[in-house]
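Subject: Structure handover

Hello,

Here is the structure I promised to pass on. Please open it first, then read my notes below.

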Amino acid sequence: MTPAPGEAVAGEVLARRGVLQVGERVLLVDAKQRRYLVTLAAGGAFHTHAGFLPHDDIIGKEEGAVVAASTGRRFTVLRPTLADVVLKMPRGAQVVYPKDLGAILMAADIGPGMRVLEAGVGSGALSMALLRAGAEVIGYERRPDFAQRAQANVAAWLGEHVTTYRVVERDVYDGIEEQGLDRVVLDLPEPWRVLPAAQRALRRGGILVAYLPTINQTATFRSALAAGPWGLTETSELLRRTWHIEERSVRPDHRMVAHTGFLTTARLVERHGSEPPGPGR
Ligand code: SAH
């Protein structure tokens with residue numbers, strides 16, 4: 001039976017509850033808030049400079065339990081969030097930061113059953129966010145090692161049998177094969193080179209999103225959008241500042257990630273052309 005949109009990724013894997021089991025990934029957090037991602041194996045052990053922690057001491061525990069390593073160092077055990085996984089998973093390319101992943105999902109209005117073309121796929125962080133929101137993702141990635149890494153990262157998180165994810169080793173500047181796409185999401189250096197193809201591959205009203213590290217690239221992209229059938233164009237950036245909160249010391253943290261990227265969205269529309277002259281003009 002064909003799974004309903006989103007079903008292939010929305011089932012058991014994402015709604016794991018109950019005690020921690022063999023094969024699951026867990027997050028170990030120490031008193032200094034350092035985080036480690038570990039896959040539980042029967043008879044396995046987590047080794048640190050602070051001794052070792054047998055996996056068997058974790059398997060069968062509830063989330064939120066506190067376990068001690070051989071030296072007495074304590075860890076809280078939890079199932080990782082998507083943000084934890086993204087920041088801890090093996091990555092070759094720079095991943096999209098969690099703060100921007102959330103923004104991209106809203107900007108591109110991602111939902112169950114939407115057909116999304118994503119390029120380049122990199123380490124698969126954005127793919128994971130799109131898949132979890134229920135989209136059907138076709139990824140174009142020109143580097144075979146990244147294409148593999150992304151698929152491995154997605155499989156490690158959602159399982160081997162995700163039917164809504166397909167990565168093609170391909171240069172998106174050479175064109176887009178798919179048609180009638182709902183969304184095109186770009187995280188690569190020259191998104192303006194994708195516009196002619198995106199225009200043909202997207203359905204009318206579809207949304208295009210590009211994530212770019214510099215404003216120079218963003219300006220070039222905006223000029224290209226302005227010359228084509230694109231409307232509701234918007235560029236934004238997101239600053240996220242965490243706070244230090246202790247009894248008598250409540251203030252912003254000293255450090256923050258000050259810059260990641262600029263987000264530009266546009267929708268495929270009919271060209272206005274020149275406006276017909278109005279009355280009295
Ligand atoms: N969004 C990804 C990171 C992408 S990094 C994540 O969250 O993990 C940019 C990726 O784009 C790199 O892997 C690079 O190989 C790929 N890339 C660059 N130009 C490309 C092109 N023309 N076609 C396909 N992939 C491209």
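Start with two strands. β1 and β6 (residues 74-78) pair in the antiparallel sense over three bridges. Val 29 has Thr 76 as its bridge partner in β6. One caution before going on: this is a predicted model.

**Around β1**

β1 (residues 25-29) also pairs with β2 (residues 35-39). Those two strands run antiparallel, joined by five bridges. Here Leu 27 has Leu 37 in β2 as its bridge partner. β1 and β2 make a hairpin with five residues between the strands. Within that hairpin, Gln 33 has a positive phi near 65 degrees.

Which residues of β1 are on its covered face, and which on the uncovered one? Val 26 and Leu 28 make up the covered face. Arg 25, Leu 27 and Val 29 make up the uncovered one. In a regular strand the side chains alternate between the two faces of the sheet.

**A second hairpin**

β3 (residues 45-48) and β4 (residues 51-54) pair antiparallel over four bridges. They form a hairpin with two residues between them. Thr 48 sits opposite Gly 51 in β4.

**The whole chain**

Now step back. The chain has 281 residues, and 34% of them are buried. It contains seven helices and 15 strands. Its C-alpha atoms fill a box of roughly 80 × 55 × 35 Å along the principal axes. The domain assignment gives domain 1 (17-78) and domain 2 (84-268). The C-alpha centres of domain 1 and domain 2 lie 32 Å apart. Take the contacts with a separation of 6 or more: 60% of them join residues 24 or more positions apart.

**The cores**

The largest nonpolar core has 58 residues. Ile 104, Val 116, Leu 117, Leu 130, Val 184, Leu 208 and Val 209 touch the most other members. β11 (residues 202-212) gives this core its largest share, seven residues. A second, separate core has 10 residues, including Val 38, Phe 46, Leu 53 and Ala 69. In soluble globular proteins, nonpolar side chains tend to be buried together.

Leaving out residues up to four places away in sequence, Leu 208 touches Val 184, Ala 198, Leu 202, Thr 265, Ala 266 and Leu 268.

Leu 268 itself is in β15 (residues 262-268). Why does Leu 268 count as buried? Because 22 other C-beta atoms lie within 10 Å, and the cut-off is 20 or more. Beyond its neighbours within four places in sequence, Leu 268 has contacts that include Gln 199, Arg 204, Pro 229 and Trp 230. Leu 268 and Ala 198 are 70 residues apart along the chain, yet their C-alpha atoms are separated by 9.0 Å.

Gly 120 is in the loop between β7 (115-119) and α4. The peptide bond from Ala 119 to Gly 120 is cis, with omega near -20 degrees. Ala 125 belongs to the buried residues of α4, along with Leu 126, Ser 127, Met 128, Ala 129, Leu 130 and Leu 131. Gly 134 follows α4 and has a positive phi, near 100 degrees.

**Backbone points to check**

- Asp 109: phi is about 50 degrees. Asp 109 is in the loop between α3 (98-107) and β7. It counts as partly exposed, because it has 15 C-beta neighbours inside 10 Å.
- Leu 232: phi is about 50 degrees. Leu 232 is in β12 (residues 230-236). It counts as exposed, because it has 10 C-beta neighbours inside 10 Å.

Over to you.

Best wishes

Note on methods: Residues are numbered from 1 along each chain as its sequence is written. A residue is buried if 20 or more other C-beta atoms lie within 10 Å of its own, exposed if 12 or fewer, and partly exposed in between; C-beta atoms are placed from the backbone. Two residues are in contact if their C-beta atoms, placed from the backbone, lie within 7 Å. Domain bounds come from an automatic or database domain assignment. A nonpolar core is a set of buried Ala, Val, Leu, Ile, Met, Phe, Trp, Tyr and Cys residues joined through C-beta atoms within 7 Å. Two strands pair if DSSP finds at least two bridges between them.
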